[in-house]
Amino acid sequence: MKKLSLRSGLLATTTICGAALSTMAGGALVATVATMLPTVAQAQDFTSGSLTGMVKSEAGAPAAGATVTIVGQSNGYTTTTTTAEDGTFRISQIPTGSYNVEITTASGAKASETVLVTLGSISSYDFIAGGEDASATTVVVKGKARRNIDFNRTTTGQVIDVQTMATKIPLGRDLNALADIVPGISINDSFGTPPIGQPAISGSSPAENVYYIDGMNVTNFRNFLGGSTVPFDFYDQVEVKTGGYSAEYGRSTGGAFIATSRSGSNTFHGGLSYYYSPASLASDGALAAKDLNAIDDNGDPNPLRTRQTAEDSAESSIWLSGPIWKDHIFAFGFYNQRDLGFAYSDTDTKPGVAQYSPSYQKDPFYGGKLTFQLNPQHRLDFTYINDDQTRYDHNYNRDTGVDGLVYAKSGGLTRIVKYTGKFTDWFTLSAMYGSSTFNQTTSSVLDSDPAVYLGGNIVRGNPVLLVDSGRDNRKNYRLDADFYFDLMGRHHLRVGGDEEKLNAQSLSQYSGGTYYRYYDIPADPGTISCGGYADTTSCVRVRQIFGGGSFDVVNDALYIEDDWAITDRLNLNLGLRQDSFDNRNAAGESFVKTDNLISPRLGLSYDLFGDKATKLTASYGRYYLPIAANSNIRMAGGETFTEKYYTWTSRDADTLVPVLGTWLNPDPADYVLEDGVVPDASTLVSHNLEPQYEDEYILGYETRLNNGWKLGAHYMYRKLANVLEDTDLTEANKNPCTVLGISEDDCGTFGSSNYVLVNPGKDIVITLGDSFGGGWAGKTVTIKAADNGLPQAKRIYEALEFDFERPDDGKWYLGGSLVLSKSEGNIEGGVKSDNGQTDTGLTQDFDQVGWTDGSYGLLPNHHGISAKAYGLYHWNDKLDFGFNAAILSPRHYGCIGYYPKDDGRADSSTLTAWYCNGVLTPRGDSFKGDWITKMDVSIGYTQPVALGTIRYGVDIFNLFNSQGANVMGEFGEISGSGTPNLNYKQPTSYQTPRYVRFSIRYGF
């Protein structure tokens, strides 16, 4: 879009009823082997897993009637069950973590094992108890349990035991660093802050992922980029789903991050940690182009470059867990103090640093969890997280001596209550309520000064232009029920639903109320086309914007899925999900409302040899993405927005505010982009609008060898079937009023300044507003897709994925993947890496028909080759060495310039078309960026002490200081068609340079 973006009672009742119903109903792999496990289950909870197994003798005879007791090592959970006639047992919906398993057969034979229950999956083991037959009474030593592949599962991705993995390999201390080791994920450096950007999953954009913590959705619902920040030391397990997920998961066309937090147990545990990255041991990044077209006050070239530099960074944590009431109440609490920093340093032709821009975050995180184990069948969890934070972005200007300090506020409070109850062996129920707040405010010490853009930089006013004040509020309700029964096989039937009530509050305006943008005048020819209105020797654009309001979004979902074991070797998962999205305008009226969105989910797995070691899988799924609240704020908020072009005669020496000359676009139709009135929703949105959805197909193979190695291969095909975008109806193949038979005198303004929310490539059904005369106002009309001319949105992703893991046997550990993929289309997704636009659902991709010419090609998140490897070597029981390496093939670029034709299909004054020098330059077809390589290494030393252990660590990130350009200049023109842009094909960002991190961790 051309316009600038603006920035409990039920649970208590359930618990009481659960306890009453329960009374009526009947009153050799160690944990470190599976620090990262493949997720290739369906029908499992957001916060728990299931343990299944078979108990048999050394000779393989089933042990019927054996007693199986599990005791959680870190979560306080314990329960007992009995094996069936075939020696099998199942314990469902239990907290994740390591468990001690004690088995006693009917004859008294015993076995003792340690197993790991992973998030969202069925952890299946074979146990040995007894000698040649199950009647022997020998005591079997630990280590004979064999972990099987989860045959209920067709999901791709990985489950990461966070605290264990963090001691194995060098990792950044955030969720995105964890994601970077998962197959099918690349990090998009056009978004986010150093040292790492935002994850793009399986060909999707970074704005299509969903984030959960302890069962609650914490995704940023304004633009879907990331979610609430959870402190690294608070994570227990994180499941990263890259595809194939079941019907209970939705609101994503990318991937899903399902995380659980740490809990207390019957044993007291605690710890301290300190991490420090000194700037003195960090390397500076390579010089990147910021504005090579910049000129000084004399009109001489003054190219501006920037580089990433280091600041000292440190963080410390303290945590404690244990019983408040043994066997019944457990607590976990943490406090994380941070002093983090990074910086950019700008240089030009003058001595010294033109602008130094360090950023700091110093606010602490804190929170915890209380677990009430009412009895072995009923559990209540309370989670509390405070991630309220302010990032201080300094902007020290050499010429003025002014620090344009910006306060970027984010985070808030998250509170979650989760109940899980097992009423019988065949029925469990869970309920969740959560609430969260998230600050969306950006302000500066210079907010009262008008914003001025000159010589490639914002040189006056708030450096981020807009003064944003905002706050997001979320309430989430969820209910899930699980039923287990036998009918032509074994069934796990899961039904449930949830509702999200979201509210976004926003108020925005330019710094000082006005934004002045000066245009450089090239020496040849000495004039510039000012906004396309006139050629002049001086040009300034003057923008003013005032907007905001309170906007509600309500998302509902229902689902049903059956995990059906037809035989011991064949498993079928049948799921159906129904979503509804309701986005409302500033007046509280439905702006976009879509109901009964049906998503089938099908999964098939087959035990190839009947030994529970090798499986074939196939899955199909449809996934819908909600409509970002950004769409409400941008299009339905009563925004006032004007854009005027002037010549100027002089400017104030201090403020740089110009003395304006001739007003070049005095017609309100040219300069009034929004008039401040909350528009009628029926005039803004095509009446046949559907939200974004995607279809996905996966074939898979997975095997676990006798020596423990796990090997996997998957083929994935994803096709984006629909997107929601805004478009200017007047910049089209045919004039809409002409094709509708509306006279020129009666033709008014469509939607909001002619912009309407549509599904590109479909007919547009819209109600005409009051600006239309001749009786047309209030009429609903249809503009044929062919008359409009927008192509259908397309994105196709294909990938071959190979992964491997060699479990940690106390000597060494290794994991990794190779992905060969192709991602092409005419839209990246919700955001636009080409220009850094984060207006999810309202990018420039389909704003005007002419801008879609040449738009089909290799997309920004296409990387044909992605190879990853990580591992650990134990020198002895105290000293170990780790590494984390990756290779990523280059991003492909086109040439973005001005639309060169005068045919009414696009505006020629906006830099966003796939034309350069008047020639079509298709997306991804002009040049390539750099290969991105990294090698991170670590060394750790663990020292036992009287009470617990101390671990010392040194991590070196980007050991060889590789400086691949991860973003290149794609704009080939400037100041009009045919004028070359010196930034074109130049690196504008490099990967984070080498830095060192020291750590010390104490735990007991």
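Is Cys895 buried or exposed? Cys895 is buried, with a relative accessible area of 4%, where buried means under 20% relative accessible area, exposed over 50% and partly exposed in between, computed with a 1.4 Å probe on protein chains only.

This is a predicted model, in which local features need pLDDT of at least 70 and side-chain atom pairs count only at pLDDT 80 or more, while totals for chains, interfaces and linings use all residues. Residues are numbered from 1 along each chain as its sequence is written, and side-chain values use heavy atoms, with hydrogens and water left out.

Taking a disulfide as a pair of cysteine sulfur atoms within 2.5 Å, the count comes to 3, and with the bonded cysteines numbered in sequence order the pairing is 1-2, 3-4, 5-6.

To return to Cys895, its disulfide partner is Cys916, with the sulfur atoms 1.9 Å apart, and the link is left-handed, with -95° about the S-S bond. Cys916 counts as buried as well, at 10% relative accessibility.

Cys737 and Cys747 form another disulfide, with their sulfur atoms 2.0 Å apart, and this link is right-handed, with 75° about the S-S bond. Here Cys737 is buried, at a relative accessible area of 3%, whereas Cys747 is partly exposed, at 28%.

The remaining pair to show you is Cys530 and Cys539, joined with an S to S distance of 2.0 Å; both cysteines are buried, and their link is right-handed, with 75° about the S-S bond.
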